[in-house]
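Trainee: I am new to this structure and would like a close look at a single part of it. Could you take me slowly through the nonpolar core and what lies around it?

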Amino acid sequence: MNDRSTVLLHERLKALAARKARFAYDVRGHSYVTTGVVAPYAPESGREEGADLGAVLRHALEHDGVVSGVRGTDGRVRFTSCRLFTDVHNALVFARAQRQPAVYNWNREEEVVVEGVAQAH
């Protein structure tokens, strides 16, 4: 991806975050993810506090091409590089291996807790 494309994609993700409390976006196909189950990668992919959108975007482009954003109770949007699954079981297995507390099922528009992983407070 050239610099201009990356800047435009970065701006697109920031605009989505300003309008939506939760979203998932396919950064390769330039489209919303509206079906399936999104499971975040490990914290090294950018979920930790202070991670910038650029790092998350780079990770997504190198891996599965999905970025999600979730507005927390503090009003801040946390971006994460994710993998998209067609079933909850495999998404939960992946999330557990990545030490993630939950996945998001877009088919039912609900968060599914990963058992055996400490929940964030």
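Mentor: What follows begins with the core and then moves to its surroundings.

This is a predicted model, in which local features need pLDDT of at least 70 and side-chain atom pairs count only at pLDDT 80 or more, while totals for chains, interfaces and linings use all residues. Residues are numbered from 1 along each chain as its sequence is written, and side-chain values use heavy atoms, with hydrogens and water left out.

A nonpolar core is here a set of buried Ala, Val, Leu, Ile, Met, Phe, Trp, Tyr and Cys residues joined through side-chain atoms within 4.5 Å, where buried means under 20% relative accessible area, exposed over 50%, and partly exposed in between (1.4 Å probe, protein chains only). The largest such core has 14 residues, and those with the most contacts inside it are Leu13, Phe23, Tyr25, Val27, Leu57, Val67 and Phe79. Two or more residues each come from α1 (3-19), β1 (22-26), α2 (53-62) and β5 (77-85); helices (H or I, at least four residues) and strands (E, at least two) are DSSP runs, numbered from the N terminus. In soluble globular proteins, nonpolar side chains tend to be buried together.

Phe23 shows how such a residue is surrounded: leaving aside residues up to four places away in sequence, Phe23 touches Leu13, Leu16, Ala17, Val67, Ser68, Gly69, Phe79 and Trp106, a contact being heavy atoms within 4.5 Å.

Tyr25 counts as buried at 4% relative accessibility, whereas Tyr32 is partly exposed, with a relative accessible area of 36%. Another edge-to-face pair is that of Tyr41 and Phe94, because their ring centres are 5.1 Å apart and their planes stand at 90°. Tyr41 lies in the loop between β3 (37-40) and α2, and Phe94 in helix α3 (residues 88-97), so the pair ties together parts that are 53 residues apart in sequence. Both Tyr41 and Phe94 are buried, and ring pairs link Tyr41, Phe85 and Phe94 into a cluster.

A search of the whole structure finds four salt bridges, each a side-chain nitrogen of Lys or Arg within 4 Å of a carboxyl oxygen of Asp or Glu. In helix α1, Glu11 and Lys14 lie three residues apart, about one turn of the helix, and their side chains meet in a salt bridge (3.5 Å, N to O). Glu11 counts as partly exposed at 41% relative accessibility, as does Lys14 at 40%. Asp64 forms a salt bridge with Arg83, the closest N and O atoms being 3.0 Å apart, and this pair links distant parts of the chain, with Asp64 in the loop between α2 and β4 (66-71) and Arg83 in strand β5, 19 residues apart.

Conventions
Phe/Tyr/Trp six-rings, centres within 6.5 Å; stacked < 30°, edge-to-face > 60°.
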